[in-house]
Amino acid sequence: MHGEKTAMGLRRRALLKMGAAAGAVMALPWGTAAEAAAATGRPAAGPGAALPRRFAEPSPAVRPKFRWWWPDALVDTGEIEREIDQIAAAGFGGVEIAAVTHSLSEPVDPALNGWGTPAWVRAVEAALRRAAKRDVTVDLTIGPAWPAAVPSITPDSPGAIKELAHGRVTVTAGQTYTGPVPEPGTEPATGVTARELLLVQAVRVAEGSSPTAQPVLLDRGTVTDITASVEDGGLTWAAPEDGGTWLVIAYWERGSGQRPEGPDHTAPAAYVVDHFAASGTRAVTGFWERHILTPQVRKLLRETGGALFEDSLELETDETLWTPEFPAEFEKRTGYSVLPYLATVVERDEDPVFGFGPDVDKAVRLDVLEVFTDLYVENHLTPLQEWAHGLGLRLRVQPYGPGTDSMYASALLDITEGESLGFKNPDDFRCLAGGRDMGGKLILSDEAGATAGGAYATAWDATLKKLVIQYAAGVNQAVFHGFGYAEAPGAAWPGFAAFSPYHGGSGYGDAWGPRQPTWGHVPAIAGYLSRTQQILQTGVNRADIGILRQQGPAGTGLGAPWFTAEGVPVGWTHLFLSPRLLELPAAKVRGGRLAPDGPGFKALVFEGDVLRGKEHTLQIDVAQKLIGYARAGLPVIVIGNWSDARVPGLPGPGDNNRLRALLAELTALPKVRVVADRPDVPQAIAALGIRRDVEYAQSSMLVHAHRADGDADYYFFANDAVSKKGSNGTPISHDVTLAAPRPDAVPYRLDAWTGSIEPLPLYSRTDDGRIRLRVSLEPGATTVIALVRPGAWDGAGVGAGLGVSHRYATDSEAEAVRRGAGGRLEIRDTRAGTFRTTLQDRGTTRTVTTTLGGLPEPMPLTHWELTVEDWQPGTRPSQTVKERRELVLDGLRAWPEIPELLDSSGVGRYRTTVHLDAPWTGGYGAHLELGEVFDTFRVTVNGHRLPPADQLTPKIDLAPHLRRGSNTIEVEVATTLLNRLRVANAPVFGGAKRQNYGLVGPVRLVPYGRAALER
């Protein structure tokens, strides 16, 4: 490709610049070394020996966050403090203040209470002060709504985003055109008053095409620059007489006039900045320096140590996205001028208008995207991140939108973020994770919980079922969408929410917080998420396979060859890499692995460009790197016949032949296998002897993530309950074999719901040092298995002094083996009988036989007293009246099936009393099986509230809490607000279907026998 070395050098300088800036952050006042590492987005070094102590009470740094929607600055200081307190008390660690007001029927006065006004600054100061007291981080969005915009520019300003508009006239052979320069085919946006003529060209319409074709095929050899013929806005040009139809095309630079989403947030109006020019970034930082960063704000920002946040790069124009320096930058980076090819670059409504033929069009358009990526990184992300570091902040960005290299941006950013609503599947997150891990960063954030049509109807179990799959794909921070400020003009009960109502409908996302009946149960959920994120932020992310793509955008929904459909269901893990990631310092091979100190890929796989019909394109420098990797011992799998290979951009002389020679050299190496198509990948895997870290039989539901930290490896498993559309999933139980960091590693189970850690009582070791165990999960449920160096967690409150690291069962006929009092092994079973169990103790194997006597029959619980707090609108939008209802149920039914609760929402407390005699309490245990529950629940037995229950596994062990005689069991269930809103706000919510609230069951008390295996 033309200018290849020049472009690579510029990217390397940008990388080094951003890396140096990130390194400087370590000196900022962000607390401990571990917290500072988390703040910069880089992994903390060292083994996880301290993790057991931290696991029960995770630090605020690893807790989930909320996107906190404000109605611009129309907020009250006292209410801001209350909401910070509510968020902190619920177990969340941070907020992102966002001015998003799509739902408002009455506008906020932007001059008095708009974004960036003195009122806004006072409100931000109040939030920062309270957050500092409550150990809550505060992230600030870069501007109102999105994309980044400021009110200090107009569409004509140098810092405003631009478009390249075009106009054309048709001229027949031999005809002379005399008239004005062709006007743009679209009207300028509101506020756009200036334009500049960039270029006028004449070009003949290709044979077989016509001026009305879509797109018009042009004869590239006839492109003629006729700009010099323009005088005083007029043009005279004579078409050649040798036949054919010609177009005169004029290209005009002008502001796109794009404004941030939603109603006006500022006065004067804010306009989107140019994300590809330094002037656009200076417009942002200059506004902040002049209007927002008061001395008090600066001080508080350093104390709270949050982040500057920028949403996805949703740059919209009816014409062609542009920046004025693009022609000069393009030629500097590619080695050729874009101007003769400009016709194939222009678009209208995101569709090409002209073309020179597929080969030229695709090559030039790809080079255009490459240059836009460079400009976005160098002129926007790099200076913005440096500036944020100077304020004591990190930079968190959703770096995707117009097809630029999101994977590369993810490698450079402090924190990269994806989104649950816009991303199509886990592979979209794996794109960002690949960049994060190759860049040596720590956090992949997720704009979580945004469900289309989900306002006040989103159940927590459904939210968790989606989120845990994203955790398995590399996400390790959730920023929930969102927490709504209490009130705003025109907001109806239960208060202000950014996107509800939305275009007359219920909207999307949910407004979490005290307005929701489930809020009293949320601390348990926040604790579960915090512990999960703590594990997923420990050490480095490991993946089996690197999938090399020719381009690096995220959010395409495209999967990995063979691995997504066939490999993941048997335990393979993969991440995606763009060519730029191979320029990073981590992209080296040691011990047969790529990036050995990071993801540690065991092989690199590539095929044709999936974004361009699987065309066999590859950069020359990438082919050279692949040869070096294979020679260093890295297995490489090539999919397809590459005899027609060509460089992805416009080729220079001999480029394609050179590439084909390099690929011939590559495919001849012993560590390289070529397969005909995707289904043949397993043959190459077998031939190369590659083995995955996690192995299990075929499963469409089990997914996992793997973290490595010194002498400990952590395996996060989840039951993918949403992998099949319209399915709630099914329970799974699989034998799983795990690669261990050392042959004597000891497995522990970490319970993210309760914070408890216990040595696993039942597992076996394979001859090659792996550990085999069973993973059983309900739909959406998760578990964490840690493989730890023996003794590493002794003295940390985990099996200390009990020798449990050496005593375990390798097999049992009983349903379960557990650790009882003092760490002693015992079997548990709901059946009576005699059971054999094989025990292992310091290399000694023995089999013991244990008998369980008769068990009582399971006890259906059908008679309940139900007390309901029925939540209804009060006199203010944020006020809720809770009407008490008392019912007696002789059979469990969903609330809509109970006339008194038909349209009720709120909290229900179910109470029943059971009498238990000796067989239930004399050495036996019992599980409470709740069956169907909507939405969240918690259980109390005999006045003792039980530890947080797994909300995805409504089965609770009551053994420590039951007593002989009468036992009172209470199940508290909380709902969404949808059923009440159907009648309270029928114009918006009335068309929704009622949700089946409550404890639906069937509920049973199921006894189990237990007997010690050791004396």
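**View 1. Lining of the second largest pocket in a predicted model.** Helix H11 (358-390) supplies four residues, the largest share of the lining of the second largest pocket. Strand S15 (320-322) and helix H10 (342-345) each supply at least two residues, as does H11. Helices (H or I, at least four residues) and strands (E, at least two) are DSSP runs, numbered from the N terminus. The lining comprises 33 residues, and those nearest the pocket centre are Glu 347, Leu 369, Gly 401, Pro 402 and Gly 403. By class, 15 lining residues are nonpolar, 10 polar and eight charged (nonpolar: Ala, Val, Leu, Ile, Met, Phe, Trp, Tyr, Cys and Pro; charged: Asp, Glu, Lys and Arg; polar: the others, Gly among them). The pocket holds about 1,100 Å³ of space, a volume being the space filled by probe spheres set on grid points joined across faces, edges and corners. A pocket is an open set of points on a 1 Å grid over the protein atoms alone, where a 1.4 Å probe fits, with protein on both sides within 12 Å along at least five of seven lines; lining residues have an atom within 4 Å of a point.

The model is predicted: local features need pLDDT of at least 70 and side-chain atom pairs pLDDT 80 or more, whereas totals for chains, interfaces and linings use all residues. Residues are numbered from 1 along each chain as its sequence is written, and side-chain values use heavy atoms, with hydrogens and water left out.

**View 2. Aromatic pairs.** The structure holds 44 aromatic pairs (ring centres of Phe, Tyr and Trp, the last by its six-membered ring, within 6.5 Å; planes under 30 degrees apart are stacked, over 60 edge-to-face, the rest tilted). Trp 68 and Trp 70 form an edge-to-face pair, because their ring centres are 5.3 Å apart and their planes stand at 80°. Trp 68 is buried at 0% relative accessible area (buried: under 20%, 1.4 Å probe, protein chains only), and Trp 70 is buried at 0% as well. Trp 895 and Tyr 997 are also edge-to-face, with centres 5.9 Å apart and planes at 85°. Trp 895 lies in the loop between strands S47 (880-889) and S48 (906-916), and Tyr 997 in the loop between helix H22 (986-989) and strand S55 (998-1001), so this pair ties together parts 102 residues apart in sequence. Both Trp 895 and Tyr 997 are buried.

**View 3. Aromatic cluster.** Ring pairs join Phe 276, Trp 322, Phe 326, Phe 330, Tyr 336, Tyr 341, Phe 372 and Tyr 376 into a cluster.

Methods. Buried < 20%, exposed > 50% of the residue type's maximum accessible area, 1.4 Å probe, protein only.
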